[in-house]
Amino acid sequence: MSFVWFVPESPRFLIAHGKVEKAHDVLAKVHANGDRDSEVVMLELQEIKDTIKLEQEFESNGWMELFKTKGNRHRLVILLSLGLFSQWSGNGLVSYYLHQIFDSIGITDSNTQLVINGCLQILNIIVATTQCFFVDKVGRRPLFLVATSGMLTTFVVWTICSARYTLNGDKGAGNAVVAMIFLYYVFYNMAWSGLLVGYSAEILPYSIRAKGMTLMFLMVDIALFL
Amino acid sequence: MPNSNQYVNPIALKHIGWKYYIVYDVWIVIELIVVYFFYIETRYTPLEEIAKHFDGEVSRVQKPQMFCTTLTFYRMLSLEATPLPRSPRSLPPRLVALTLLILARSARTLRPRSTRCYQYLSGLRPSETSSKSNGRMVAYKHLVITCNSKHWISITFVHRSTNLVIFLYVS
């Protein structure tokens with residue numbers, strides 16, 4: 001620690017804070033035995049100056065940056081909806097309140113509930129892992145579209161079957177709900193679990209990536225809290 | 001995912017039972033609409049270029065990265081060492097041609113429209129580096145030409161589609 005004071009200040013830091021002469025001294029000392037007119041030193045100095053100047057021009061990124069341009073507002077729509085949809089599409093029902101669903105369709109035995117839930121989780125792993133290999137082959141958009149359409153279809157059938165069981169006591173309809181839950185999850189995992197982070201990160205340019213990801217996860221947490 | 005619960009679900013499920021599912025049916029339709037209209041395809045696009053899907057070709061520059069080391073260029077260019085005039089406004093055509101050649105070889109995605117780049121590299125001062133030239137976007141922006149002594153000159157600019165800072169040192 002005590003030797004830190006002998007280390008010369010970084011010329012990049014010095015230039016970024018307007019102390020060009022000091023930076024020149026440091027570079028000369030380190031790279032040219034103190035020769036301030038050395039070509040290498042002049043060159044390095046110019047290179048650092050130009051790069052920092054350019055960097056500073058581009059680093060005007062507050063939070064408002066996310067709303068300023070049309071492109072960034074488009075990104076924002078995607079990020080917020082990704083966060084929300086990934087948690088709030090009916091999958092939360094299954095994740096946290098599966099037993100209520102089972103109770104409502106006449107599967108009340110906790111052992112049976114457990115076995116079905118276990119199978120569901122195994123299926124989740126398999127589908128989500130397989131999906132990774134198709135992101136570049138099929139493309140993101142088709143995955144999202146197929147997944148969401150599939151979720152819609154299965155959820156509608158799920159609703160109808162659940163209603164039939166409740167209204168008519170139709171045992172077959174109750175079992176169909178279980179089948180629909182499995183199918184629903186196949187579709188859900190085709191896009192919404194694996195692409196959530198990957199897609200968010202890739203649509204954000206470096207300058208606003210951290211902020212964008214924060215907003216996406218904020219949306220996830222809000223959705224989970226509701 | 002964070003360990004949390006959703007508090008609306010159990011209450012709704014308990015009170016309106018299967019009818020609560022209809023809320024989700026409608027909601028997923030909305031999701032589908034949003035996905036259809038907003039989610040764009042990014043397949044086959046290098047990470048640095050995804051910005052063009054959102055911002056068009058004028059894509060804002062990301063935090064610049066050095067494109068190549070100075071010394072590489074120094075070595076390459078000093079083979080063709082030419083004494084330079086003081087003013088960057090009158091760069092010798094040979095030098096510009098050479099610079100362009102190296103640029104074209106170095107950047108995979110660089111497709112310079114030769115005449116315009118020539119004009120750009122040789123004619124403009126930093127204050128004149130507007131983003132449009134004859135109504136069409138030029139390949140580079142934020143061009144800075146610095147002529148520090150009679151022996152060497154530095155050219156720094158940002159390549160538009162890759163957002164890379166390219167630094168050239170010409171001896």
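Helix α2 of chain A runs over residues 20-31 and holds 12 residues. From its first C-alpha to its last, α2(A) reaches 16 Å, close to the 16 Å expected at 1.5 Å a residue. This description rests on a predicted model. The buried residues of α2(A) are Ala23(A), Val26(A), Leu27(A) and Ala28(A). In an α-helix, residues three or four places apart point the same way, because there are 3.6 residues a turn. Just after α2(A) comes Asn33(A), with a positive phi of about 50°.

Chain A as a whole is built from helices. The count is 12 helices and 0 strands. Along the sequence the pattern reads α-α-α-α-α-α-α-α-α-α-α-α. Chain A has 226 residues, of which 34% count as buried. Contacts between residues at least 6 apart in sequence were also examined in chain A; of these, 63% join residues at least 24 apart.

Helix α5 of chain A covers residues 70-87. It has 18 residues and reaches 27 Å from first C-alpha to last, close to the 26 Å expected at 1.5 Å a residue. Its buried residues are Asn72(A), Arg75(A), Ile78(A), Leu79(A), Leu82(A), Gly83(A), Phe85(A), Ser86(A) and Gln87(A).

The partner considered here is helix α11 of chain A, residues 195-203. The axes of α5(A) and α11(A) come within 10 Å and cross at roughly 170°. Angles over 145 degrees count as roughly antiparallel, so α5(A) is roughly antiparallel to α11(A). On the α5(A) side, the contact involves Arg75(A), Ile78(A), Leu79(A), Leu82(A) and Ser86(A). These residues meet Leu196(A), Tyr199(A), Ser200(A) and Ile203(A) of α11(A). By class, the contact has 6 nonpolar, 2 polar and 1 charged residues. Arg75(A) in α5(A) meets α11(A) and is also buried. Leu82(A) likewise is buried and takes part in the contact with α11(A).

Two further residues of chain A were examined individually. Tyr97(A) lies in helix α6, residues 91-104. It is partly exposed, with 19 other C-beta atoms within 10 Å. A residue counts as buried if 20 or more other C-beta atoms lie within 10 Å of its own. Leaving aside neighbours within four places in sequence, Tyr97(A) is in contact with residues of chain B, namely Asn9(B), Pro10(B) and Leu13(B).

Gln113(A) sits in helix α7, residues 110-132. With 16 C-beta neighbours inside 10 Å, Gln113(A) counts as partly exposed. Not counting residues up to four places away in sequence, Gln113(A) touches Leu98(A), His99(A), Phe102(A) and Ile107(A). Gln113(A) and Leu98(A) are 15 residues apart along the chain, and their C-alpha atoms are separated by 8.2 Å.

Chain B averages a pLDDT of 55, and 27% of its residues score at least 70. Over residues 59-91 of chain B the pLDDT is below 50. Beyond near neighbours in sequence, that stretch has 66 contacts in the model. Over residues 145-153 of chain B the pLDDT is also below 50. This stretch has 22 contacts in the model beyond near neighbours in sequence. The model scores ipTM 0.71 and pTM 0.59.

How values were computed. Residues are numbered from 1 along each chain as its sequence is written. Chains are lettered from A and ligands numbered from 1 in the order in which they are written. This is a predicted model: local features need pLDDT of at least 70, side-chain atom pairs count only at pLDDT 80 or more; totals for chains, interfaces and linings use all residues. Helices (H or I, at least four residues) and strands (E, at least two) are DSSP runs, numbered from the N terminus. A residue is buried if 20 or more other C-beta atoms lie within 10 Å of its own, exposed if 12 or fewer, and partly exposed in between; C-beta atoms are placed from the backbone. Two residues are in contact if their C-beta atoms, placed from the backbone, lie within 7 Å. The expected span of a helix is 1.5 Å times one less than its number of residues. Axes are lines fitted to C-alpha atoms, for helices over the stretch in contact, and angles run from 0 to 180 degrees between N-to-C directions. Angles under 35 degrees count as roughly parallel, over 145 as roughly antiparallel, 65 to 115 as roughly perpendicular and the rest as oblique. Ala, Val, Leu, Ile, Met, Phe, Trp, Tyr, Cys and Pro count as nonpolar, Asp, Glu, Lys and Arg as charged, and the others, Gly among them, as polar. pLDDT is the predictor's confidence in each residue, from 0 to 100.
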